[in-house]
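Morning, everyone. Please have a look at the model on the screen.

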Amino acid sequence: MNTVASIKRGLLLLGSFILAYTLAQYFHEICHSTAAYLSGGNFGKIIIHPFSWSYSYSTSPHRILHTAAGPLGASLIGLIIFILSYRWTKPLLLPILLIAPVIFLENGGYLLIDTIMRSGGDACSLINYGIPTIVIIAIAVLLLVAGVISVILLVKKTGLLAGKFKDRLITLTVGIVTYILVALSWHFFYNRSEIMLWITYAVFESVIVLVIAVIPVKSPSKGLKTISWKTVFIIDLLGIILIVFLLTYPQGKKPSSVKMYSEQPDDFPKVLALPPYANAPFFTNFLYQKGYRYLLSYSFPESTPTNEIYSFLMETHKQNGYTLLKHSVLVQRELDKSVSQLRDFSCSRQI
């Protein structure tokens with residue numbers, strides 16, 4: 001296979017990966033929301049970001065079910081899609097074929113890295129709820145193995161990575177590494193405080209790409225043998241349009257104005273009072289088109305039990321009709337008061 005053919009396959013893979021990754025993120029978040037609804041909780045807006053964290057603003061009294069539903073529910077959906085679509089090999093359908101491998105690999109890597117780096121995601125939440133760390137790691141490894149196997153089956157069926165190691169590496173570099181570098185660049189400019197975490201993700205994903213490139217898989221007699229530049233253009237254009245849409249469409253993530261105070265302002269809910277052990281409060285009002293979202297952060301003695309803080313947060317919000325969107329407990333050396341990091345504190349919105 002010549003270099004031009006490898007680049008063409010890589011460009012087809014790039015657009016297909018963008019579409020599949022976005023759907024994988026959506027399935028993850030919709031499973032959180034569905035679990036919340038079915039378990040008697042509530043859910044609001046789902047926010048999908050092409051390069052960073054995606055969110056489901058949902059809560060549930062069954063915290064383990066709600067949290068685990070994201071990666072596990074999405075993986076089940078991916079498996080069903082893979083079984084139903086495996087026989088299709090048309091280039092235009094590659095985004096659908098990629099959904100399962102992307103879900104398996106992304107969720108497996110997400111659980112593993114979150115467990116190791118304690119980055120505050122689903123794995124950390126499950127561990128805080130009492131799920132043994134070894135169980136989370138086992139699930140992560142199982143998903144990663146499933147991801148590699150599904151990639152091998154997909155390549156064997158479609159011949160996407162046909163040719164020698166060099167050809168496979170070119171296709172994967174154009175199709176996957178390009179996206180990884182763009183995402184990393186976005187974090188460098190807009191989310192630099194978490195850059196080391198995303199470098200870790202980038203390195204991990206690059207290793208997966210290298211592993212896949214090393215595995216030789218015999219190409220089929222048919223499959224993706226006739227890829228036209230028109231098909232490549234359509235898939236890539238759809239991927240670019242989707243990224244632009246997700247970055248510019250007002251999904252509710254970005255407030256129209258932000259006000260910060262060192263003392264509780266008049267328009268900040270009085271019911272969100274500080275516990276007696278708290279000090280140095282930091283109040284923030286986020287004004288959105290459909291109302292306010294409030295944020296309250298404060299410091300407390302290191303001797304204060306974490307479960308006491310969590311109980312205060314949950315009970316205060318529940319008793320006064322507020323939904324706890326996000327909370328974190330950080331030690332002082334980890335505290336970053338920049339606006340880009342305000343999502344790491346306790347955030348509430350009125351129901």
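Here is where α3 meets α7: L105, E106, G109, Y110, L112, I113, D114 and M117 in α3 are in contact with L197, T200, Y201, F204, E205 and I208 in α7. Contact means heavy atoms within 4.5 Å. By class, these residues divide into 9 nonpolar, 2 polar and 3 charged. Nonpolar covers Ala, Val, Leu, Ile, Met, Phe, Trp, Tyr, Cys and Pro; charged is Asp, Glu, Lys and Arg; the others, Gly among them, are polar.

A word on the source. This is a predicted model, where local features need pLDDT of at least 70 and side-chain atom pairs count only at pLDDT 80 or more, while totals for chains, interfaces and linings use all residues. Residues are numbered from 1 along each chain as its sequence is written, and side-chain values use heavy atoms, with hydrogens and water left out.

Back to helices. They are DSSP runs of H or I, at least four residues, numbered from the N terminus. Two packed helices are described by the angle between their axes and the distance between the axes. Axes are lines fitted to C-alpha atoms, for helices over the stretch in contact, and angles run from 0 to 180 degrees between N-to-C directions.

How do the axes of α3 and α7 cross? At roughly 135°, coming within 11 Å. That makes α3 oblique to α7. Angles under 35 degrees are roughly parallel, over 145 roughly antiparallel, 65 to 115 roughly perpendicular, and the rest oblique.

Now α3, residues 94-117, with α5, residues 133-158: the angle is about 155°, with the axes 8 Å apart. So α3 is roughly antiparallel to α5. Their contact has 17 nonpolar, 8 polar and no charged residues.

Next, I170, in helix α6, residues 165-190. Beyond its neighbours within four places in sequence, I170 touches T3, S6 and I7. The C-alpha atoms of I170 and V4 are separated by 9.7 Å, yet these residues are 166 apart along the chain.

Last, rings. The whole structure has 11 aromatic pairs, meaning Phe, Tyr or Trp rings (for Trp, the six-membered ring) with centres within 6.5 Å. Take F188 and F189: centres 5.2 Å apart, planes at 85°, so edge-to-face. Planes under 30 degrees apart are stacked, over 60 edge-to-face, the rest tilted.

Are these two buried or exposed? F188 is partly exposed at 39% relative accessible area; F189, at 60%, is exposed. Buried is under 20%, exposed over 50%, partly exposed in between, with a 1.4 Å probe and protein chains only.

Conventions. Helices (H or I, at least four residues) and strands (E, at least two) are DSSP runs, numbered from the N terminus.
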